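Dear colleague,

Please find below the structure that I am handing over to you. My findings follow directly after it.

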Amino acid sequence: MIILGLVFVFQFVISCSCLAINLSKQTDVINASWWVMSNKTRDELERSFDCCGLFNLTALDQQDYAFCTAICKSRSPTCQMCGEKLLKHSDEALKILGGVGLFFSFTEILGVWLAMRFRNQKDPRANPSAFL
């Protein structure tokens, strides 16, 4: 019962933070993680999302855009930026995860209440004169 209560608190906090994160914070996280990635990982991301560069705001971004190997670059001179696609997917994923997490955190509260309500029930098949 105590563990279930602690899991509720933890899951509730995580769910609320998933729902509360705004686009500027998501942009900061994506921007920070983009430059930590290896070049191989960036190339794989650009090919799988069919985009080039992150946000193309700085000279480093434009250099990254120049070395892009995505398919969209061969079809047209300009590709969609990966930052926009990553923001769209992360925003959608965070909203889904937050909603599902909130749903299950409140079902955990129901579990805590049921455990507290029925924890001292006697076994009907047991000896009635026996001590609980």
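A residue is taken as buried when its relative accessible area is under 20%. C51, at 0% relative accessibility, therefore counts as buried, and C82 counts as buried at 2%. Please note that this is a predicted model.

These two cysteines form a disulfide, with their sulfur atoms 1.9 Å apart. A search of the whole structure finds 1 disulfide. The torsion about the S-S bond of C51 and C82 is about 100°, so the disulfide is right-handed. The pair links distant parts of the chain, 31 residues apart: C51 lies in the loop between α3 (39–49) and α4 (59–66), and C82 in helix α6.

Both cysteines also belong to the largest nonpolar core, which has 9 residues: I30, W34, L45, C51, L54, F55, C82, L86 and L87. At least two residues of this core come from each of α2 (23–36) and α6 (82–118), and α6 gives the most, with 3 residues. Another core, of 5 residues, lies apart from it and includes C52, C68, A70 and C79.

C16 is in no disulfide, and its nearest cysteine sulfur, that of C18, is 9.4 Å away. C18 is likewise in no disulfide. With a relative accessible area of 14%, C18 is buried, whereas C16, at 32%, is partly exposed.

Finally, the unreviewed UniProt entry lists residues 96–116 as "transmembrane region". Over residues 96–116 the model is 100% helix and 0% strand, and the end C-alpha atoms are 31 Å apart.

Yours sincerely

Notes
Residues are numbered from 1 along each chain as its sequence is written. This is a predicted model: local features need pLDDT of at least 70, side-chain atom pairs count only at pLDDT 80 or more; totals for chains, interfaces and linings use all residues. Side-chain values use heavy atoms; hydrogens and water are left out. UniProt positions are given in the numbering used here, feature names are shortened, and annotations may be inferred rather than shown by experiment. Helices (H or I, at least four residues) and strands (E, at least two) are DSSP runs, numbered from the N terminus. A nonpolar core is a set of buried Ala, Val, Leu, Ile, Met, Phe, Trp, Tyr and Cys residues joined through side-chain atoms within 4.5 Å. Buried means under 20% relative accessible area, exposed over 50%, partly exposed in between (1.4 Å probe, protein chains only). A disulfide is a pair of cysteine sulfur atoms within 2.5 Å.
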